[in-house]
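Reader: I would like to work through this structure one feature at a time. Please give the general idea where there is one, then the case here.

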Amino acid sequence: ARHLLGIEPLHPVEIATLLDLADTYVDLNRQAVKQSDALKGLTQINMFFEASTRTQASFELAGKRLGADVMNMAMQASSIKKGETLIDTALTLNAMHPDLLVVRHPHSGAVDLLAQKVNCAVLNAGDGRHEHPTQALLDALTIRRAKGRLHRLNIAICGDIAHSRVARSNILLLGKMENRVRLIGPPTLMPSEVRDLGVEVYDDMREGLTGCDVVMMLRLQKERMDGGFIPSEREYYHRYGLDPEKLAFAKDDAIVMHPGPMNRGVEIDGILADDINRSVIQEQVEMGVAVRMAAMDLLARNLAAARQEGAA
Ligand code: CP
């Protein structure tokens, strides 16, 4: 593929190939000297139209560790502020011949639209409530390393599913890899198309967590609630916040995940989030660098092949 816009078009073999390559980058990343030259001579531009800590930092590090020239566009200080459109901004940057564009945007579909206008590889770093493919891939790598496999697992995704691109990409990926996915949360925070997703739905944490191998918690995404119903944090934590008492319904060796940013005491107990015997939240962050290295490496190889074909 030329771009990484979502999990939806990926074949399970492509997912496994990317995770295998990412595994090798975990090792490289842990070495004292981390440099590889897989992206040497290539230019990577990061365009984040929405706040980010983990995704932006890990894409920047991933590019640098593979030898790319990395530029972070300060979108808040760009000509977008003077009324320039997303597409005109993309065309302007495209004229400077980047090889990889990493884009986060608050509107679903914006990154796909941009990808149609440029002739470099585009990676979706999260678009609205649509997809966050590298997050699902790093979650998959974390699960595979913790559980020794990425199939036939019972995986609960809990909380604000309706507004979550992380949930959507994970539902797609984990389903393709033949896992049993359960969504747990208040009916007001379930997407309307939930019945078409091939998942089981619960509004009771204890019932939904029973027998689970993996428990993935999500943040209440108030910025996407558009003035709709926002539950009280106290009531929400009581019913849906993950604490040791609710986690006890999952398997004894169930792992606890959270994509971050985390709101301690709202969707997850802070002590549980820090419990290295149960929580793999820091491993998720570490896998983020490796997965983004692998994704950019594979797209760069495809780009080189397409350019060579074009020149022939
Ligand atoms: N998980 C995630 O996308 O985090 P950031 O918003 O900090 O990038």
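**Reading the sheets, helices and loops**

Author: Helix 5, residues 133–147, lies across strand 5, strand 8 (214–217) and strand 9, and runs at about 165° to strand 9. Keep in mind that this is a predicted model.

Reader: In what order do the five strands of that open sheet stand?

Author: Strands of a sheet pair through backbone hydrogen bonds, either parallel or antiparallel. Here the order is 7-6-5-8-9, and the pairing is parallel. Strand 7 (200–202) and strand 9 (255–257) are at the edges with a single partner strand each, so one side of each has no neighbour in the sheet. From one strand to the next the twist averages 20°.

Reader: How many bridges join strand 5 to strand 6?

Author: Five bridges link strand 5 (residues 154–158) with strand 6 (residues 180–184), and the two run parallel.

Reader: How does the chain cross from strand 1 to strand 2?

Author: Begin with the pairing: strand 1 (residues 43–48) and strand 2 (residues 69–73) are parallel and share five bridges. Q44 faces V70 of strand 2 across the pair. Between the two strands the chain passes through helix 2 (residues 54–65), and this β-α-β crossover is right-handed.

Reader: Next, a helix. What span should the twelve residues of helix 6 have, and what is the distance in the model?

Author: At 1.5 Å a residue, helix 6 (residues 165–176) should span 16 Å; the C-alpha atoms at its ends are 17 Å apart, which agrees.

Reader: What is found at the start of helix 6?

Author: A side-chain oxygen of S164 comes to within 3.3 Å of the backbone nitrogen of V166. Just after the helix, E178 takes a positive phi of about 65°.

Reader: Where is E178, and is it buried or exposed?

Author: E178 is in the loop between helix 6 and strand 6. Its relative accessible area is 60%, so E178 is exposed. The positive phi occurs although E178 is not a glycine.

Reader: What is the phi of H97?

Author: Phi of H97 is near 60°, again a positive value in a residue other than glycine. H97 sits in the loop between helix 3 (86–94) and strand 3 (100–105). Its relative accessibility is 63%, so H97 counts as exposed.

Reader: Which residues does a cis peptide bond join?

Author: The cis bond is between G260 and P261, with omega about -10°. P261 is in the loop between strand 9 and helix 10 (270–273).

Reader: Last, a loop residue with side-chain contacts. Is E50 buried or exposed?

Author: E50 has a relative accessible area of 19% and is therefore buried. Its place is the loop between strand 1 and helix 2.

Reader: Which residues are in contact with E50, leaving aside its neighbours within four places in sequence?

Author: They are R104, H105, P106, R165 and R224. Polar contacts are part of this picture: one of 2.8 Å joins the side chains of E50 and R165, and one of 3.0 Å joins those of E50 and R224. R165 is also one of the buried residues of helix 6.

Definitions and conventions:
Residues numbered from 1 in each chain as written. Predicted model: local features only at pLDDT ≥ 70, side-chain atom pairs only at ≥ 80, totals over all residues. Heavy atoms only, no water. Pairing = 2+ DSSP bridges. Helix = DSSP H or I, 4+ residues; strand = E, 2+ residues; numbered from the N terminus. Axes fitted to C-alpha atoms, helices over the stretch in contact; angles between N-to-C directions. Contact = heavy atoms within 4.5 Å. Expected span 1.5 Å × (residues − 1). Buried < 20%, exposed > 50% of the residue type's maximum accessible area, 1.4 Å probe, protein only. Polar contact = N/O pair within 3.5 Å; in protein donor to acceptor, adjacent residues only side chain to side chain. Right-handed = clockwise from strand over helix to strand, strands pointing away.
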